[in-house]
Amino acid sequence: MSAPNTSPASLNHRHLHYFWVVAKEGGISRAAERLGVAVQTISAQLKELEQSLGTALFTQEGRRLVLTEAGRTALHYADQIFLLGEQLQEALQLQTAAASLKLTVGISDALPKLIAYRLLQAAIDLPQPVRLVCHEGEFDELLADLALHKLDVVLTDRPAGSRPNLRVYSHPLGECRMGVFATAELAARYGPGFPDSLNGAPLLLPTRDTALRGRIDAWLSARNLRPDVVGEFEDSALMMTFGRSGLGLFPAPTLLADALEEQFRARPVGGMEDVREQFYAISNERKIRHPAVEAIRQGAEKLPLG
């Protein structure tokens, strides 16, 4: 009678895995529950493994299964085999992650999120997969995170200006015309006679610490317009949400007219001549080296922001 074939090629790794789980769980019932298979299935495959190895791996002591000397040896090697398997999976996952390009972006509260999306689209469309991590926050907090290299770039509505303690560089991306938008009811009421109709009209505005607010105030003052400012917002998306509720008219980039109607049911009331919203990418580098940030800069040149 020939000896059983115990060459490595004949070792069934599924059988070995069942043995390993039984040994770790301390019994067939627990192993069956963990693996989601029948007790009979595990018992049958343990027997096949023992037959292929030509030795018993467990012995019965009362109601407990106890590893034999051969079983302890088999468990030692099974531990190494399945540890290597886990390490293989982790290595492949890391390799896959490394193949993608991570871009950590800070988005200023004041920057319209629809504009931010359009600017980031150029990075998303790169041939190399890009994994975006987006943080929204106040301008100064984002610049501090950028200086600490927690962010790759900050997208905002104003340049960093002169900041002796921060070595950051502002890269202009473009600008777009601004208009006034509102619900259909408010647009119908205040559209005729615009912009004079803004006198006394309920108006939502960015807060005074934003770059856009100064331009809007100057535009209103030059035309001797005195609207009723019913709300001021740091976050442009929040301002548009309140505008959608009908609380008041609100300023927004005219190039977003279609998206504003779709998402906020907002209609154009009139244009704000000479008022432009500007967009900047702020980085730690005078010369942009991150390929995704460079793609954003180049992509902005092709957008109809003007």
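Which residues of α11 are buried?

This is a predicted model in which local features need pLDDT of at least 70 and side-chain atom pairs count only at pLDDT 80 or more, while totals for chains, interfaces and linings use all residues. Residues are numbered from 1 along each chain as its sequence is written, and side-chain values use heavy atoms, with hydrogens and water left out.

**View A. Helix α11, residues 291-302.** Helices (H or I, at least four residues) and strands (E, at least two) are DSSP runs, numbered from the N terminus. Ala-292, Val-293, Glu-294, Ala-295, Ile-296, Gly-299 and Ala-300 are buried. Buried means under 20% relative accessible area, exposed over 50%, partly exposed in between (1.4 Å probe, protein chains only). Their cover includes β3 (101-108), α5 (113-124), β5 (153-156) and β6 (169-182); contact means heavy atoms within 4.5 Å.

**View B. Helix α2, residues 28-35.** Ile-28, Ala-31 and Ala-32 are its buried residues. They lie on the same side of α2, because their arc around the axis is only 100 degrees. That arc is taken from the directions from the helix axis to the C-beta atoms. Ser-29, Arg-30 and Glu-33 are exposed on the other side. The buried residues pack against α1 (13-25), α3 (39-53) and β2 (64-67).

**View C. Strand β9, residues 250-253.** Both faces are covered. Phe-250 and Ala-252 are buried on one side, Pro-251 and Pro-253 on the other. β6 and β9 run antiparallel, joined by four bridges. Strands pair if DSSP finds at least two bridges between them. Pro-251 is the bridge partner of Val-180.

Technical notes. Expected span 1.5 Å × (residues − 1).
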